Amino acid sequence: MTLQHIIDAIEASPRPLQAKLDALKEAFETQLAPPEVVSIMQRATQALVASRQAETALKAGDRVPQFTLPDSNGEPYSLQHLLNKGPLVLTFYRGIWCPYCNFDLRALEESRLDLESKGAQLVAVSQQTAANSRKSKEANHLGFPILVDTNGDLGHQFGLRWQVPEDLKAVHKQLGADLEIFNGESSWTLPMPARYVIDQDGVIVYSEVNPDYTRRPDPSELLAVLDGLKKVKSRV
């Protein structure tokens, strides 16, 4: 069975997001990838966890840096313009080559109308090229924009960008995920997957940063956060 067959079978199952990611991880590590590849990938994740970089990334209570990034069609999006419309749900992901990210994006799309009903906007950020972001949006049938973070500069400001080690570079190339091609530059850096809710004052009220790319929070967690923001606003 190919990776795509496994992905299709998991996607068709009525399971919550993390259960799908767990099924994908188990299938990849036990059916598809050689043990030496699994070992390198696990070691890189363990090293990133041990670095405690996730603990120094922006978190609830921090103010978000001002930014303007283009979407996959070149249209600029500024933080201030986004916040003028309401609270912002901002998600960082690795790229179209990452099936865990694609499951995550589709889960967010399934929750998009619920999030928008709470007054929020949903925006994704990726370090990949505009062309690959367009492919991400089309392949996952997304109704929200993907912003292009060239060189991962915004990811760096959030404290999310990390350096891919040499042995993992070789694995990426072996698996057809050459970041120099997908990102259009040679830094071999990635953002840790992260999800934020930012209030209209530009302050983070919810953050989830995980150095383990196979772990993602369910989008339903965001609804209570947005309800809390509405209650605070109604009292002001």
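View 1. On a 1 Å grid over the protein atoms alone, a cavity is a set of points where a 1.4 Å probe fits but cannot get out, while a pocket is an open set with protein on both sides within 12 Å along at least five of seven lines; lining residues have an atom within 4 Å of a point. Grid points are joined across faces, edges and corners, and a volume is the space filled by probe spheres set on the points. What you see here is a predicted model, in which local features need pLDDT of at least 70 and side-chain atom pairs count only at pLDDT 80 or more, whereas totals for chains, interfaces and linings use all residues. Residues are numbered from 1 along each chain as its sequence is written, and side-chain values use heavy atoms, with hydrogens and water left out. A search of the whole structure turns up one cavity of 30 Å³ or more. The largest cavity holds about 50 Å³ of space. Its lining is made up of T91, F92, D104, P193, A194, R195, E208, R215, R216 and P217. By class, the lining has four nonpolar, one polar and five charged residues. Here Ala, Val, Leu, Ile, Met, Phe, Trp, Tyr, Cys and Pro count as nonpolar, Asp, Glu, Lys and Arg as charged, and the others, Gly among them, as polar.

**View 2. The largest pocket.** This pocket contains about 510 Å³ of space. Of the 29 residues that line the largest pocket, M41, R94, W97, P99 and L175 lie nearest its centre. Helices α1, α2, α3, α6 and α9 (166-174) each give two or more residues to the lining. The biggest share comes from α3, with four residues. The lining counts 23 nonpolar, five polar and one charged residues.

**View 3. Helix α2 and its cover.** Helix α2 spans residues 17-32, 16 residues in all, and reaches 21 Å from its first C-alpha to its last, close to the 22 Å expected at 1.5 Å a residue. That expected span is 1.5 Å times one less than the number of residues. Which residues of α2 are buried? They are L17, Q18, K20, L21, A23, L24, A27 and F28, where buried means under 20% relative accessible area, exposed over 50%, and partly exposed in between (1.4 Å probe, protein chains only). Their cover includes α1 (3-11), α3 (35-51) and α6 (99-117); a contact means heavy atoms within 4.5 Å.

View 4. The structure holds zero disulfides, a disulfide being a pair of cysteine sulfur atoms within 2.5 Å. For C98, which is in no disulfide, the nearest cysteine sulfur is that of C101, 3.2 Å away. C98 counts as buried because its relative accessibility is 0%. C101 is also buried, with a relative accessible area of 0%.

View 5. K169 is found in helix α9 and is buried, at a relative accessible area of 17%. Leaving aside residues up to four places away in sequence, K169 touches V164 and W188. A170 also sits in helix α9, but is partly exposed, with a relative accessible area of 46%. Although A170 and I40 are 130 residues apart in sequence, they are 9.8 Å apart in space, C-alpha to C-alpha.
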